[in-house]
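The comments are arranged as numbered points.

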Number of protein chains: 2
Amino acid sequence: MDRILISHGNGGKDTQNILQKYIFSKLPEDLKKTNNGLGLDYPDDGAVISSGDKIIVSTDSHTIDPYFFPGGSIGKLAVSGTINDVIMMGGKPIAILDSIIVAEGFPLDDLDKITTDMISILKEFNISLIGGDFKVIPSDSMKGIAINTVGIGVSKNPIIDRVSEGDSIIVTGPIGVHGSVIAALQYGIETQLKSDVKPLMKLLEIFDKFQGDIHAARDPTRGGLAATLNEWVQLSGKMISIDEKDIPIPDEVKSITEVTGLDPLVLANEGVAVLSVSSDKAENIVEELKKLGFEPSIIGKVIEPKNKDNKGLVIIRTEVGGAKILEMPSGDIVPRIC
Amino acid sequence: MDRILISHGNGGKDTQNILQKYIFSKLPEDLKKTNNGLGLDYPDDGAVISSGDKIIVSTDSHTIDPYFFPGGSIGKLAVSGTINDVIMMGGKPIAILDSIIVAEGFPLDDLDKITTDMISILKEFNISLIGGDFKVIPSDSMKGIAINTVGIGVSKNPIIDRVSEGDSIIVTGPIGVHGSVIAALQYGIETQLKSDVKPLMKLLEIFDKFQGDIHAARDPTRGGLAATLNEWVQLSGKMISIDEKDIPIPDEVKSITEVTGLDPLVLANEGVAVLSVSSDKAENIVEELKKLGFEPSIIGKVIEPKNKDNKGLVIIRTEVGGAKILEMPSGDIVPRIC
């Protein structure tokens, strides 16, 4: 098996060769730059983007063990993750940059599959790869591969998350799937479940159609639904109340979390969005989401805290009729996924 | 000694706490976003930048062993490196994003020094930190720390590297210093040399003053001067001829490269630029560079190849009167620095 050598990271001929073979040759010319911009078509110190709109930028470092999993790979995850962050800001993704750190001895066939995964998503959604970096580090310092991606998008009206009193909280699909798949792999549990990792490009149609009524949008990755909802109430000083019975948790997720003791609400999702929307439009938005192939559910609402102590709390109403606080995740979240 | 825990990377409360302590609390409010933009002041999926100019974006992954070295740290290196890439495109750096991957067990005191180094440069040059990521991975998968940085700049007239016949090639300072420092550390050689790592912000004054006469600008990091000059002739189909005697290589660099057998022209520089400029302005540019505190030298020129076989060659005229081809670096470049 051909493997990564330290020389592949020398910044010279060997790096040029490996990038040519595993990345550039897979990319159509028009996806090497943005309109009137400059990118991989002309290797310089940086990329140039021309835009009259506001520019959205996000970055994420992706490390995952194992780097192939049912439903995807670290490559699909890295590109989808950064595209989704741009979309959740209301941005139309136009380009990404990628930075790969790989350990000496890493199988080149695996690198090939990973870069193919990355680029097939870029091609599907017509997003350019305009720059990046490639580093090899000794096998005694690192195992596997880490991929950093930078997402660039344009938007006339970015969605700056500001949940409002009375908003309905919508999730666009089943919760806890990606995290459960990785947990099953790490714990050796058999499951038919596949990761939900995918770009949420179609959401842009919803954001466009219901502009002004989408008050917040986020993809609940690391830290899961619990982290997203807690961040929203921290930012706004509101409360959010959700109903346990309305949260769409697949049976396969439930069986994995029951065996492992994990909480599906802190598990990562990689192809789901959480939206906070005007309540009078919530049903319309749900209908439109269904037309686009999503499986949305209204799971709760934003409420004005009656007293100061309740500011910033997320309350979950349980199926047996009680209520408890859904805390910001803390301590080790297993599985360790990103 | 307090150390990094896996829970510090959970994306929840522990991650918030560590980012607050080691990054956010060190940053003034106005450096948490760009003008009319959005950044760390309002944690969302991405950052927003408003600009009518062209946007320059670059990204780099930084791994270095050891992560502290004479003259700097991986933090100083990561921020300076990405700022310099933006500057070499003629961009005024306005913001960075950083993504830190750190191994479980990493000393928190070291993280503190590294983030302090990063932020002190941002403060010195008034550059905002508008987003990022923070991941912890198990100590059996990685040692140390890797930092990915994204540099964002604005420019009305980006410098797209296009060397022209007759251009003079200028280096703005001594060559091979950073690489030699790291080599000395890895080989256990004693030296007084310190890394040249620093942002090259003052070059923007030169680019502004001599606009149109600066045909190419690059910082010769990994792969050194040899990689930069070879990339330029590959892009342009020209030849470059440089004079060995005019290349400013400090005696301390020479003694390290003589002991180790390394070539100073492939060693990384982290505070030096190479410029290709109109020859009739070269002396003026050198004078202005000196006024700004640089130690520039004209080391060669761009020539039109007389025949097709010579397209894309870099020729080095040796001190003894001969000439040889300066190849694109290949194979292992030691030390492994980024």
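1. The model is predicted, with local features requiring pLDDT of at least 70 and side-chain atom pairs counted only at pLDDT 80 or more, while totals for chains, interfaces and linings use all residues. Residues are numbered from 1 along each chain as its sequence is written, chains are lettered from A in the order in which they are written, and side-chain values use heavy atoms, without hydrogens and water.

2. Contact (heavy atoms within 4.5 Å) links 75 residues of chain B with 75 residues of chain A. The two chains bury about 6,200 Å² between them, 54% of it on carbon and sulfur atoms; this buried area is the accessible area (1.4 Å probe) lost on putting the two parts together, summed over both. On the chain B side, B:Tyr42, B:Asp45 and B:Arg222 lose the most area to chain A, together 12% of what that side buries.

3. Two salt bridges (a side-chain nitrogen of Lys or Arg within 4 Å of a carboxyl oxygen of Asp or Glu) are found across the interface of chain B and chain A. B:Arg222 and A:Asp133 form a salt bridge through their side chains, at 3.1 Å from N to O.

4. Strand β2 (residues 54-62) of chain A pairs with strand β1 (residues 47-49) of chain B in the antiparallel sense over three bridges; strands are DSSP runs of E, at least two residues long, and pairing requires at least two DSSP bridges. Within this region, A:Ile55 stands opposite B:Ile49 in β1(B).

How values were computed: Helix = DSSP H or I, 4+ residues; strand = E, 2+ residues; numbered from the N terminus.
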